[in-house]
Every structure is written in C-alpha cells, then in structure tokens.
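Please have the sequence and the structure in view as I talk.

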Amino acid sequence: MFRYIKFFFLFIFVFLLSSLSVFVFLFVKKNSQNLPDVRKLEEWEPAEVSYVYDINGKVLTKFFIQNRYYVSIDKIPKYVRDAFVAIEDKTFYENSGIDIAGIFRAAIQNLSEGRIVAGGSTISQQLIKNLFLTPEKSFSRKFKEMLLAIKLNEVYPKDKILEMYLNQIYLGHGAYGIEAAARTYFGKHVWQLDVCEGATLAALPKAPSRYDPYKNIDLATKRRNLVIKRMLEDGYIDFQTAKRCWDTPIVLRKYKEDKEQVKDYFTEMVRKWFKEHFGLDELYKGGYKIYTTVDKNLLITASMVVKDHLERLQAKVGFPKMSQEEIEKLKEMYQDQEIDKLKSEKIYLGIIEKIEKRKIWITVGEHKGYFIYRGNRRYLRIGLPVYVRYIKDNQFEFVPYLESALISIDPKTGAIRAVVGGYDFEKSKFNRAVQAKRQVGSSFKPFVYAKAIMRGYTQITRIKDEPLPIWDPEKKEEWLPSNYDHEYRGDVTLRYALTRSLNAASVNLFMKIGIKPVIRFAKELGIKSYLPPVPSLVLGSADISPLEMASAYSTFANQGSRCEPYFIEKVVDKEGNVVYEHKPLCIQIIPEEENAIVVDLLRGVIKEGTGKKARRLGFPVAGKTGTTNNYTDAWFIGFSTQLATAVWVGYDIKKRIGKRMTGSTAALPIWIDFMASAHAGKKVRNFPLPRGVVYVPIDPHTNLIANEICPGRYILFVRGTAPDIDCEGNFVNLNRFRRRTVNVRY
C-alpha cells in the first residue's frame, strides 16, 4: 500500500514538473517572439524642443511635445552619471542588463503581495520599457523587458546605454532628460551642475511628483541625501563631499509653469509658416532654432498699447449695439467654453444676469460673479453675452468687444518688427493684421496722388473739389461723391486736397489719372487683394489687410523701393545646419525724386491736415488717416525712416464704432503711442532728399514763386516742374534754390 502511495505522489510530482516545464517553455516561446529589434535604437531620434527667437536673440516661445534637449555622454559630468547609477542600478557596469539578485528580491515581494509591486529594474530595463514596451504591470511584459535588456547590452556599450537613458527619462515638470531637468530645476546646463544638484535630479526617477522639490522640499531633501549616501557607500565621492551636500539645502531657480506653447498672434504665424515648409511633426519634435524678424520688446509694447486704447475707446463709445446674428454667435461660443475652475487673468464669455447701478452680475458656466461697468449703458441688456477677464473671488473686469490690428515693418528690408492681431490672442485667435480685410477709407488716396506725381503733377497742381456725378458701371447708376463736412472748396491744390482728405477732389483726380493705371500701381506697391474698378475705389471701398497697407506705405518710406514683407530670417536644425534662409526681395517702384514729393505730401497730412496729433512725436513722420462710411472702420497708416506701421480699429462684425470715430480719433492715438515707444532713445533720421528735387517758396494765392511782396512757404518739387515766374511776373532762376533748403518754415 505504501508503495502505491509513493508511486502516486511521484506521478503527481513528475506531472506537475512536466506541466511546469511545458508552461515555462510555452511562456518563453510566446514572449520571445516578435520582440522589437534593439538595433533600431541606432535610428532613434528623441523629440526635442524647437525655439523661436526674436531679432536680438531673445526667446519668444518654444514648441515641443516633450521638453527635451539631447546631450552626449561626454557633456554629462561623471558625478551626475554616478548619482543615477548609485540609486537606480548599482551593478550597472557589471550586469548583463538584468540584476539577478534584484529580481529575486522583487519576486519575493511580488509573490507575497500577489501582484507586481516591485520591479528590480536595471537602467537597461527602464530604457527598454520607456522606448519599446507599454507601462502595464504583468509578468509577460516584465519577461520581455528582461530579454530585451540583455540584447541591448549585447549590442551597445554601457556608456551609450546610459546616455540614451539620461536623455529619455522623465524627471518632472515636463522635463524629459537630464539637460531639460537641469534647466528646469536649477536654470543651468547639465555640465554646470555640482554633485549635490546632480544627486537631487537622480532622486527624481522613482517618483517625480512625490519627490518634486518645488512641492515637497523635505521629502526631496531626504531622497537626495539617500542618493549621496549610496554614492559614498559605492566609493563615488568622499565623506567631505557627502557631508557638504547633506549640510546644503536644495536651492532651486524661480520656476513658472509654461502651460502654453503658442502665446500670441506672431508665434502662431511662425507655427503656421513652419507647418507649411517643414511640417508640424518636425516643429514639435525636431529641435529647430527659428530666427525671426520681430523685436520682442516691440511686440510687448504693441500689445499693451492696443489693449490700453481699446479699453478706453470702448468706455468712450459705450456698450455696443449687437445684432441678433452676433448675439447668437457669441452664445454658441459661450456654450463651447471648457470651464472647470476659473483661472486668474483668463478671458471668458459670460451671460449678463442682473444689472445694478455699479455692478453687472454675470454667469460663466456654473460660476457667478460681477464686474464694474462705467461706460454708456444704452444697449446693455440682461441675457447678452459679454467678454470678461477673471480677477479673483468672483470678481471680473469688462473686456472690450472692439478689436484692432497693428503691424509694423522695417521699410529698408521688409522685415516685420511687430504684429498685434487683436485685443488678446486668448480672446480670439483670428489674426486681423494679416487675415482680416476691411475697407481702408481715405488711406487709399495716397496711391492715386503718387501716381499723379509720377505723371508729372506737382503739389500745387490744381484740381476741382466739387461733386461731379460719375457713372458707376457695376451698380449701373450715377454716383455723387461728397466731402466729410459736405462743403466744397472749388479749385484746390493736390497738397491741400490730400492733407484735408477731400473726397470730391480726390475722385476727380482719380478719374483723370485712370482707374486701371491706379489699380496696376497699387498692385506694384504690394496690394494683393481684389481692387474693384469703380470710382469709389479712391475713397477706400476695397477690402484690404493691414499687412498689405503697411507694405505699400513702406515703399514711400524706403525712397520708392518696395521690399516684400517677411518674418523668418533663418531656420537651423539640431545639427546646426541652416535649412532655410530668407533672401531679400526689393524692387524700385517709384523714382526717388517723385517718391520724395509723395513723402512731402504725406508729411503735410501730419503738419497741417488730419494727422496733426502726430506732431507731438517730435521726429519726422508721414502718413494718412482712413475712415469708412458710418464710422465702421478707422485707420492710420504712417511711417518714419525706420518703421512703416498700419493700425486698424473696428468690430469684427461690421458696424458703427461710434459717433465721429474717425481714423484720427480711433486709430491714430494707437499709432502715435506705438511709434513713440518704438523710437524712444533712438536718433530718427529725416527723410532723405535725392539730388533731383528742390524746395521752392510758393505764394499760396497765385501758386507762383513767393518774394517779399507776396510771401509764401517752401514746397518740394522735382527739378524742372516748379514755376519759374514770381508773383509779380518776373523770371526767377531756380538754381538759386538749393536742394537742401528743407527746414525753412513749412
């Protein structure tokens, strides 16, 4: 009987052993198949940060999926490497990719828990898990990880494995790799870290959030001290170094979480440009350096100026009258908002719930609050959507509905120096500076006057300022242009007509010069939008973008030479190769002599016309206002020798800004403040005068040369086009007038 029992237990043992062997065989066979080839790591290119720089080398923004900067092993100090090895894998340089003793310790712990709670992972295993496998916790995944770790060590030397590991590992706060972590926590490059700082970073891989020194300095310090202790035990450092670290508190750089990769209208322009030329995948992973034309300080200044003026202007014109279409559109946007916790300084759409004497109560999602409104309340109603910025404690501030666009160009090169596409990029991503097209009003007139000057007209050529009926072939009816004040002056000079922005005179001049020649000329100046061949074109009936208008006016600022606008100087890949470089494209459109006359005309707008407010700038500028019917759009486009800047103000849905909200009232103040800041502390040169022009004193009554009997003022002429008879009928030798008689009373 005993023999049968013995035989039975022997059979059971053999059966279990065989079954276990078969199970192990099948498990090994199944999990050994279709494993990735570790040699593919030779082709591995980790995602790196792409930087965007301004013209002075200042960082504007960065684009990334993983905040990483790859560094070779020779740039990582040995004590930093030793810190990671000491705490993460003390047998790294001896093991085959797995630590047998560590595996047994982990196995005992896992069996006792009945689940995977400890890994016993080596640096090689961690690298394999991050690059090839999923983070799931299973015996199958663990086995594959071990096999691949062994293969990894058969293919690559230890230093290469450690290099890949230190560049791949996540160390908290969006920092992937040792270099990104060094910059994030200490504001240094990895090769600038000391032993104590290196140990602080080595303390993070186990649990970056738990040991985050920004959130839990005590726990982070204990973990760092453990790393130092391990380094001392393994002989990487001496006791004096260890004690110094133990006695030294962790000192971090002041850190602000960078949550948004695209911050404004300009960096969004860069993103779109790069997408078109290289692809978004390259932008977010490729580690490029993108050098742009803008000035970071000008960008900030322009944005602040636009916001400040829009807030004051909205308060002045009051709460806007809203169409049902506009209300419905804003309510749809309100519903689409993702609102969880209100964030300070963030812009939201709210719905007006109650109107009190001072407070306007609103609902923003599930949140309620109020803002103080001091403007005109005529059109303020319960139920209307309103833009607000959250302050704190359920307090908001009113954000204007009015929008604006500003774009500034270096006329000598075409380089864009500043762009503002609206009140705030967070409020609306639509870039009105380059994407919006609005009627430009009288700011189109200089194109007609410039063409007239090129045809031989002078500043004192007389044109009729009277409302002559003109047949409009598109509308098939007569059109009668009228002046802003509905008064007409009869015969006036070109200079008077432009500086006072007389509509009737400008239309009459336009019809004399010809519609098609002016359209062709405007296209040469950089206007790419459709220009309807109608008489009202001279009054700015065409829809044109601020970028196009700034580009066209920059031609006047650059002695008649137009340079194609651009905003990317060059792009450098992570290997240091220049993969794109801008090539300037400048073409002489207007002869220098005629262009000098146009500039003098536009300076007259500032000195004696609709742009008088700009005289307070105190340096030479020229430009033109623009106002459309019913005060829907307000413009000012002007320039110095250094910058050509266009400013537009209006609502996105075309409607009246406010009573008498002309270009001079609504747009010019923004232009003035921006140009004042842009030129602050700089010597601004006067507009150059070519040899072929001359200032001649003109009697305003006779338009002949002035003398003591009939005094006048100096007017600029192309040589050979000025009158040679004075007001008394005497011949005058024009050679007596020097080219640079320029600063005589104007």
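**Aromatic pairs and nonpolar cores**

I will start with Y387, which counts as buried at a relative accessibility of 10%, and please keep in mind throughout that this is a predicted model. Y401 is buried as well, its relative accessible area being 5%.

Searching the whole structure gives 32 aromatic pairs. In one of them, the ring centres of Y387 and Y401 are 5.9 Å apart and the planes meet at 70°, and because an angle over 60 degrees counts as edge-to-face, that is how this pair is classed. Since Y387 belongs to strand 9, residues 385–392, while Y401 sits in the loop between strand 10 (395–398) and strand 11 (403–409), the pair ties together parts that are 14 residues apart in sequence. Both tyrosines also belong to one aromatic cluster, together with F319, F371, Y373 and F398.

Two lysines also deserve a look: the charged end of K570 sits over the ring of Y291, at 5.3 Å from its centre, and K655 lies over the face of Y651, 4.7 Å from the ring centre.

Turning to the packing, the largest nonpolar core has 157 residues, and those touching the most other members are F319, F444, F447, F556, F639, V649 and W671. Helix 21, residues 663–678, supplies the largest share of this core, with 9 residues. Leaving aside residues up to four places away in sequence, W671 touches a list of residues including A614, L617, F636, F639 and V647. There is also a second, separate core of 54 residues, with Y165, L171, A181 and I237 among them.

Key
Residues numbered from 1 in each chain as written. Predicted model: local features only at pLDDT ≥ 70, side-chain atom pairs only at ≥ 80, totals over all residues. Heavy atoms only, no water. Phe/Tyr/Trp six-rings, centres within 6.5 Å; stacked < 30°, edge-to-face > 60°. Helix = DSSP H or I, 4+ residues; strand = E, 2+ residues; numbered from the N terminus. Buried < 20%, exposed > 50% of the residue type's maximum accessible area, 1.4 Å probe, protein only. Lys NZ or Arg CZ within 6 Å of the ring centre and 35° of its normal. Core = buried A, V, L, I, M, F, W, Y, C linked by side-chain atoms within 4.5 Å. Contact = heavy atoms within 4.5 Å.
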